[in-house]
Amino acid sequence: MINDIRAKVATDEFEFSRHALDQTIRRDATVAEVRECIAAGSVIEDYPNDKYGPSCLIFGLTRAGRPLHVQCSYPSRPIVKIITLYEPDPDQWIDFRTRKP
């Protein structure tokens with residue numbers, strides 16, 4: 001799945017939800033950082049029954065080493081939708097990959 005998402009992002013077959021666009025502004029994240037996160041990242045959570053459609057959470061580091069979580073739709077859609085993005089809180093995540101109990 002991650003390779004299909006990467007391919008769509010690399011060929012501009014993606015778009016930001018309004019919420020994700022707001023989050024990029026609030027968190028001072030760039031489109032380049034989102035691309036870097038997805039290119040180097042891995043799926044850490046899968047949401048096949050999400051109310052807005054199947055999606056997954058990707059963790060990756062930007063080239064500058066910034067950790068990001070990007071939730072996006074499955075690549076089965078014509079265009080991958082970036083649903084939200086944020087810097088994971090180290091108090092809530094183990095190595096930014098596993099939620100703390």
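## Terms and model

Two strands pair if DSSP finds at least two bridges between them. Helices (H or I, at least four residues) and strands (E, at least two) are DSSP runs, numbered from the N terminus. This is a predicted model, in which local features need pLDDT of at least 70 and side-chain atom pairs count only at pLDDT 80 or more, while totals for chains, interfaces and linings use all residues. Residues are numbered from 1 along each chain as its sequence is written, and side-chain values use heavy atoms, with hydrogens and water left out.

## The chain as a whole

The protein chain has three helices and seven strands. Along the sequence they follow the pattern α-β-α-α-β-β-β-β-β-β. The radius of gyration, taken over C-alpha atoms, is 13 Å, close to the 13 Å that the globule rule (2.2 Å times the number of residues to the power 0.38) gives for 101 residues, so the protein chain is as compact as a globular protein of that length. The C-alpha trace spans about 35 × 30 × 25 Å along its principal axes.

Of the 101 residues, 43% count as buried, that is, under 20% relative accessible area with a 1.4 Å probe and protein chains only. Contact means heavy atoms within 4.5 Å. Among contacts between residues at least 6 apart in sequence, 49% join residues at least 24 apart.

## The sheet

Five strands form an open sheet with mixed pairing, in the order E1-E5-E4-E3-E2. Strand E1 (14-16) and strand E2 (42-47) are at the edges and have a single partner strand each, so one side of each is left without a neighbour in the sheet. Neighbouring strands are turned by 30° against each other on average, direction ignored.

Strands E3 (residues 55-61) and E4 (residues 67-73) run antiparallel and are joined by seven bridges. Leu57 has Gln71 in E4 as its bridge partner, and Cys56 stands opposite Cys72 in E4. The hairpin of E3 and E4 has five residues between the strands, and Gly65 takes a positive phi near 90° there. E2 and E3 also run antiparallel, with five bridges; Val43 has Ile58 in E3 as its bridge partner. Six of the seven residues of E3 are buried.

Angles here run from 0 to 180 degrees between N-to-C directions, and axes are lines fitted to C-alpha atoms, for helices over the stretch in contact. Helix H1 (residues 2-10) packs on the sheet, touching E1, E2, E3, E4 and strand E5 (80-86), and its direction makes about 75° with that of E3. Helix H3 (residues 31-40) lies across E1, E2, E3, E4 and E5 and runs at about 100° to E3.

## Nonpolar cores

A nonpolar core is a set of buried Ala, Val, Leu, Ile, Met, Phe, Trp, Tyr and Cys residues joined through side-chain atoms within 4.5 Å. The largest has 17 residues, of which Ile5, Ile38, Ile58, Val70, Cys72, Ile82 and Leu85 touch the most other members. At least two residues of this core come from each of H1, H3, E3, E4 and E5. Beyond its neighbours within four places in sequence, Ile5 is in contact with Ile38, Cys56, Ile58, Cys72, Ser73 and Pro75.

## Thr84

Thr84 is in strand E5 and is buried, with a relative accessible area of 12%. Leaving aside neighbours within four places in sequence, the contacts of Thr84 include His19, Ala20 and Gln71.

Terms used
Buried < 20%, exposed > 50% of the residue type's maximum accessible area, 1.4 Å probe, protein only.
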